[in-house]
Amino acid sequence: DEIDEFHDTESAVPGRSGGPVAIAFTDIKNSTKIWEASAEGMKKGLRIHDKVVRTCIREWKGYEVKTIGDAFMVAFEEASQACMFAADVQNALSESIWPEELLECEPSKEGIMVRIGVNYGDVEVIEDQMTTRCDYYGSTVNIAARVEGACAVGFVCVTNAVLQELERTSSTV
C-alpha cells in the first residue's frame, strides 16, 4: 500500500519521553471547491500532494500524526526540522507537475497550494491502543492549528516559540 510505504512504525515518536516538540499543520487551499469542480483532478492531485508531504516528512524525520481530510498533522523533535519540512513542502508543491484535469478547473489553475503553521512546545502524547499510533494534545497543538488557519496560502507561519527555539539552538532555516 502506498501509504504504508511512508509509515515507518519503528520511527521515534517525538515527545514520547517528554520534552517539547514542533507541531506542523498543513491544509490545501480551496479543496472543497476543487473536489466540486473536478473530483478526478483532485484525486490525482491529492496523490501527488500526499506523496510530496510524506517524502518531506521522512526527509526531515517527522512523525505523521494523522491526516484530517486533505490536511496533515506532523510532529518533529526539533523546531528546525519542522521549518525545513514546511519550506520543502512549499517548494516541492510549487515545482510539481499537476494533472490537466486539476489545472483546467478554476480553483486550482496553479495546482494544489497549501498553507502551513508550526508551533513548538510541550504536548501530551497518547498512544491509541487500537492503531498503536500516537496522537498529540494540548495548547501547543491547538495553537499550531490556529496559526495554520491564519496563514496565507503558499506560506509557512511560525509562532514566537518556534523563533525563540531556532535562536536558542542557533539554527539557520
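Ala145 counts as partly exposed, because its relative accessibility is 29%, where partly exposed lies between buried (under 20% relative accessible area) and exposed (over 50%), with a 1.4 Å probe and protein chains only. Ala145 belongs to helix H5, residues 139-150. Helices (H or I, at least four residues) and strands (E, at least two) are DSSP runs, numbered from the N terminus. Thr26 is 119 residues away from Ala145 in sequence, yet the two C-alpha atoms are 8.6 Å apart in space.

The model is predicted: local features need pLDDT of at least 70, side-chain atom pairs count only at pLDDT 80 or more, and totals for chains, interfaces and linings use all residues. Residues are numbered from 1 along each chain as its sequence is written, and side-chain values use heavy atoms, with hydrogens and water left out.

Next comes the interior. A nonpolar core is a set of buried Ala, Val, Leu, Ile, Met, Phe, Trp, Tyr and Cys residues joined through side-chain atoms within 4.5 Å. The largest one has 30 residues, and Phe76, Phe85, Val89, Ile112, Val114, Ile116 and Val162 have the most contacts inside it. Two or more residues of this core come from each of strand S1 (21-28), helix H2 (39-59), S3, helix H3 (79-95), strand S4 (114-121) and H6. H3 gives the largest share, 7 residues. Another core, of 13 residues, lies apart from this one and includes Tyr63, Val123, Cys134 and Tyr136.

Ile116 touches, among others, Phe25, Thr26, Val89 and Val156, not counting residues up to four places away in sequence; contact means heavy atoms within 4.5 Å. Val156 is found in strand S7, residues 156-158. Its relative accessible area is 31%, so Val156 is partly exposed. Together with Val158 and Leu163, Val156 forms a nonpolar patch on the surface, with about 200 Å² of accessible area. Such patches are made of residues with over 30% relative accessible area and no salt bridge; nonpolar side chains (Val, Leu, Ile, Met, Phe, Trp, Tyr) are joined within 5 Å, like charges within 9 Å. A salt bridge is a side-chain nitrogen of Lys or Arg within 4 Å of a carboxyl oxygen of Asp or Glu. Accessible areas come from the Shrake-Rupley method with a 1.4 Å probe, and for residues only the protein chains shown count as cover.

Glu165 lies in helix H6, residues 160-168. Glu165 counts as buried because its relative accessibility is 7%.

Finally, strands S2 (residues 63-68) and S3 (residues 71-76) pair in the antiparallel sense over 5 bridges; pairing requires at least two DSSP bridges between two strands. Ile68 stands opposite Ala71 in S3.
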